[in-house]
Amino acid sequence: MQYDVIVVGGGPVGSTAARYAAQEGVKVLLVEEHAFIGSPVGCTGLLSTRAVKECDLKPSEDFVLNSVKGAYVHPPSERPLPIDGGKTKAYVVSRKMFDRTLFRMATDTGVDVMLRTRAIGIERSNKLQTLTVLENGNLRNIQSKVIIAADGVRSNMAKMAGLGRVQRILPGIQIEAPYRSENTDFVELFVGSRVPGFFAWTVPIDENISRIGLATDSINGPNPYECLQWLLQHHPHINSRYAGGQTDMVVGGIPIGPLHKTYADGIIIVGDAAGQTKPTSGGGIYTGALCAKIAAKVAASLEDDASAGSLQQYEKQWKAAIGKELGMGMRIHDFIKRLNDNELDELLGSMNTPSILDTITEYGDMDHPSVLIRKMLDPRKSKQMLKVFSAFAKAVL
């Protein structure tokens, strides 16, 4: 078996890469280790409007369950900070149906598929990559000019290529459960020492069902399951709305901070496997799809030379597109992580003013938080936040 491009990983990023490569007129194979596309689910399922658009989709009842326009941010003790985007900012989706929609788009362009097939080895010779796979218990060798690895947070492909793995992975957990939402247009976010290093969330599917989850960034802190149980049983706001039980549970990891190098001879790393997620929110569909398109076009344009020197252009292009944003996001993440409960109360309480909230509504962007940060760092926006902004500016600029 021989192809121009092999894509390993059948999630949204892999399907997008395969589709874009096939659209360039080359022969493409998509390899997925699981038997079904979209299962198991490892994502909150809250996608920005830009993420859906970047995947070349329009919101559809086929996969959209709800739409949201803002968030209530709950500090440790102060009143919630209401952030109203003024219009739809994100969609709550069925990831199973979303993933399958993108997969079907890939196969419609002529992409060949091997499901229940695990990549277990790579060899390079005569300018070709030989991918060894285990398909339903049988070993097979498949050749291609280049491999695009979109095999997720614990990428074996990146490791086999000698590029290592993303070092910072935030452990997370989420349940789908009976939960009374007062306003299904808003998600709820919870920060503080009970969710060390990151945040918890409730994402409404409808008035009676929400996804309740969290991720943490703490070496010696409680594990995510313990944090979730505390929130469900003891957090005044969550406990008063949680009706008990659950209909689903997922666990997973959020990679933050890109790999030092995202290419090697004959291989390109993309999406979660490359750490191309937003450190401020953990979202990876928008950034992953954007990078997948770049990877596909670079891979499809190769003639005979798939050396690291030729594939370097992939990294240059994706870093030019989102590298600064990811770098800023990491600095924001690390700054917020260092704040104690009193400092978080002070920060969010100081933002709870009409002028600051108007600025957030005007400039807030899930995919490009640096735009809002630069506006917020103007001390004229709020004299009472001058000290906080000064420390923040030193940390992130």
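A: Buried means under 20% relative accessible area, exposed means over 50%, and partly exposed lies in between. The model shown here is predicted. Aspartate 334 has a relative accessibility of 22%, so aspartate 334 counts as partly exposed.

Q: In which helix is aspartate 334 found?

A: Aspartate 334 belongs to helix H8, which covers residues 308–338. In sequence, aspartate 334 is 117 residues from aspartate 217, and their C-alpha atoms are 9.6 Å apart in space.

Q: How are two packed helices described?

A: The description uses the angle between the two axes and the distance between those axes. In this model, helix H7 (residues 285–301) packs with H8 at an angle of about 160°, and their axes are 9 Å apart. Because angles over 145 degrees count as roughly antiparallel, H7 is roughly antiparallel to H8.

Q: What is the handedness of the crossing of H7 and H8, and which residues make the contact?

A: H7 and H8 cross in a right-handed manner. On the H7 side the contact is made by Thr287, Leu290, Cys291, Ile294, Ala295 and Val298. H8 contributes Leu311, Gln313, Tyr314, Gln317, Trp318, Ala321, Ile322 and Leu326. By class, the contact of H7 with H8 has 11 nonpolar, three polar and no charged residues.

Q: At what angle do H1 and H3 pack?

A: Helix H1 (residues 12–23) and helix H3 (residues 95–108) pack at an angle of about 15°, with a distance of 8 Å between their axes. H1 and H3 are therefore roughly parallel to each other. Their crossing, in which H1 passes H3, is left-handed. Pro12, Ser15, Thr16 and Arg19 of H1 make the contact with Arg95, Phe98, Asp99, Leu102, Phe103, Met105 and Ala106 of H3. The contact of H1 with H3 divides into six nonpolar, two polar and three charged residues.

Q: What is a disulfide, and how many does the count give here?

A: A disulfide is a covalent bond between the sulfur atoms of two cysteines. The rule applied requires a pair of cysteine sulfur atoms within 2.5 Å, and the count comes to zero disulfides.

Q: Are cysteine 291 and cysteine 227 buried or exposed?

A: Cysteine 291 counts as buried because its relative accessibility is 0%. Cysteine 227 is buried too, with a relative accessible area of 2%.

Note on methods: Residues are numbered from 1 along each chain as its sequence is written. This is a predicted model: local features need pLDDT of at least 70, side-chain atom pairs count only at pLDDT 80 or more; totals for chains, interfaces and linings use all residues. Side-chain values use heavy atoms; hydrogens and water are left out. Axes are lines fitted to C-alpha atoms, for helices over the stretch in contact, and angles run from 0 to 180 degrees between N-to-C directions. Helices (H or I, at least four residues) and strands (E, at least two) are DSSP runs, numbered from the N terminus. Angles under 35 degrees count as roughly parallel, over 145 as roughly antiparallel, 65 to 115 as roughly perpendicular and the rest as oblique. A crossing is left-handed if the near helix is turned anticlockwise from the far one by less than a right angle, and right-handed if clockwise. Contact means heavy atoms within 4.5 Å. Ala, Val, Leu, Ile, Met, Phe, Trp, Tyr, Cys and Pro count as nonpolar, Asp, Glu, Lys and Arg as charged, and the others, Gly among them, as polar. Buried means under 20% relative accessible area, exposed over 50%, partly exposed in between (1.4 Å probe, protein chains only).
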